[in-house]
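Hi,

Here is the structure we talked about, with sequence and coordinates together.

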Amino acid sequence: MSRLPTVAVVGFPNVGKSTLVNRLAGGREAVTHAEAGVTRDRKRVPCEWNGVAFELLDTGGIDLADPDELAEDVRRQARIGIAEADAILLVVDARAGVRAGDLELASALRGAGTPVLVVVNKVDRPGDEHLTAEFHQLGLGDPLAVSATHGLGSGDLLDRVVESLGDRPPPPDDSERVSVAVIGRPNVGKSSLVNAFLRDERTIVSERAGTTRDAIDTDLEVEGRAVRLVDTAGLRRRAKVAGSVDHYAQLRTELAVERADVAIVVCDASEGVTAEDLRIAELAMVAGCATLLALNKWDVTDTDVDDARARVGRKLRLRPAVVTCSALRGRNVPKLLPKALELADRAAERIPTPELNRFVNDLVARTPPPSRRGRRLRLYYAAQIGESPPRIAIQVNDRRLIVRDWAYHLENRLRETYGLEGVPLVIDFVPHTRRQRR
């Protein structure tokens, strides 16, 4: 699969890597916080400068002296990012000066065989540019002074980045790519499932809840089709994360759902489908995202799947499919992404207008709308006016005559007839207006 060139952003914890990524990309894609060690996985952020498109690869802080197991996972992810990069930005802290960790990392990068630019961050005033001088000892060429917070030197840095990349082919066409977001509560196995899809340790997996703190995009092919897989931070109720770094991670997850075509809602099979799982699936529906529920960790539980499916059918208007899987054992994992693609295809299909009107007429003949205030709802004409998600407009004589239960009945029959279980469906009842004779 062709891809954009990759620029890895690496460095010691809390030197401002994610802030720099946001500055260069012109957005707020990467989670930033005063707390050190916020970034843990590799996150790709699209960037463009002077007509050249590339991806910035934000990585976790590399502290070679930290013995913590999670710190080792972060280092491993950063090393993978360095290996797949076309250019590397080594970010250092002007205020802290050259640290032993910077020297060790620079020594490793000198043997990477990839262009490396030393970026001296936190040079917040033009008069502080002299602070870059001591970083020549890293042996990686002339350091560049920047302020990720204020933007000082960012244009010069982007010029150097583009120059280091050289001539590149045009970026791939993403118009046919299907975006699949893997969402759910903390510690239900989302990252494990993503790694099982990829057959690679793409994201960090830990028994600690909340290890993933950003929406991590990975491109792959499924049955010959381009797919963007998005691993996300665990969703909690906003009141529980207000004011913490998890609050920003949660916002990234919600944004990832909004731009996804399909959401795989991962649930812990040992707990069944909880009220919180249902709330997360409802969030995906409101965002217009087709939805599939995956009961993970099925290999270590005896949960009644039929009961779970019945509960989902009663509680969720989308009536999404509920499938069982085990990210650890690989059970049913190969089936999930094809099912997600099938849902995306259904959401993008159009129902021919004559066929849709025959369906509405047959439904009304079998189950007429109940009368209200002595009058009965009449349906004149139906047409699909949008897709992904499907949107259907039906002309009626008086919207005030619509009975909610009958409208739900219409929606459910549409889902059953056209295989729209798990697909958001919007039905607009539009007042019928007669053309006046001239």
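Arg99 is partly exposed in this predicted model, at a relative accessible area of 25%. Its salt-bridge partner is Asp102, at 4.0 Å from N to O. Asp102 is buried, with a relative accessible area of 1%; it counts as buried because the cut-off is under 20%.

The structure holds 21 salt bridges. Here are some others.

Asp93 pairs with Lys122, and their closest N and O atoms are 3.1 Å apart. This pair links distant parts of the chain, 29 residues apart. Asp93 sits in strand β4 (residues 87-93). Lys122 lies in the loop between β5 (116-121) and β6 (144-145). Asp93 is buried at 8% relative accessible area, whereas Lys122 is partly exposed at 21%.

Glu387 bridges to Arg350, with 2.5 Å between the closest N and O atoms. Again, distant parts of the chain are linked, here 37 residues apart. Glu387 is in the loop between β15 (379-386) and β16 (391-396). Arg350 is in the loop between α10 and α11 (353-366). Glu387 is partly exposed at 36% relative accessibility. Arg350 is partly exposed too, at 47%.

Now the helix. Which residues of α5 (residues 190-198) are buried? They are Lys190, Ser191, Leu193, Val194, Asn195 and Phe197. Their cover includes β7 (178-184), β9 (225-231), β10 (262-268) and α10 (333-348). Arg199 follows α5 and has a positive phi, near 55°.

Best wishes

Terms used
Residues numbered from 1 in each chain as written. Predicted model: local features only at pLDDT ≥ 70, side-chain atom pairs only at ≥ 80, totals over all residues. Heavy atoms only, no water. Buried < 20%, exposed > 50% of the residue type's maximum accessible area, 1.4 Å probe, protein only. Helix = DSSP H or I, 4+ residues; strand = E, 2+ residues; numbered from the N terminus. Contact = heavy atoms within 4.5 Å. Salt bridge = Lys/Arg side-chain N within 4 Å of Asp/Glu carboxyl O.
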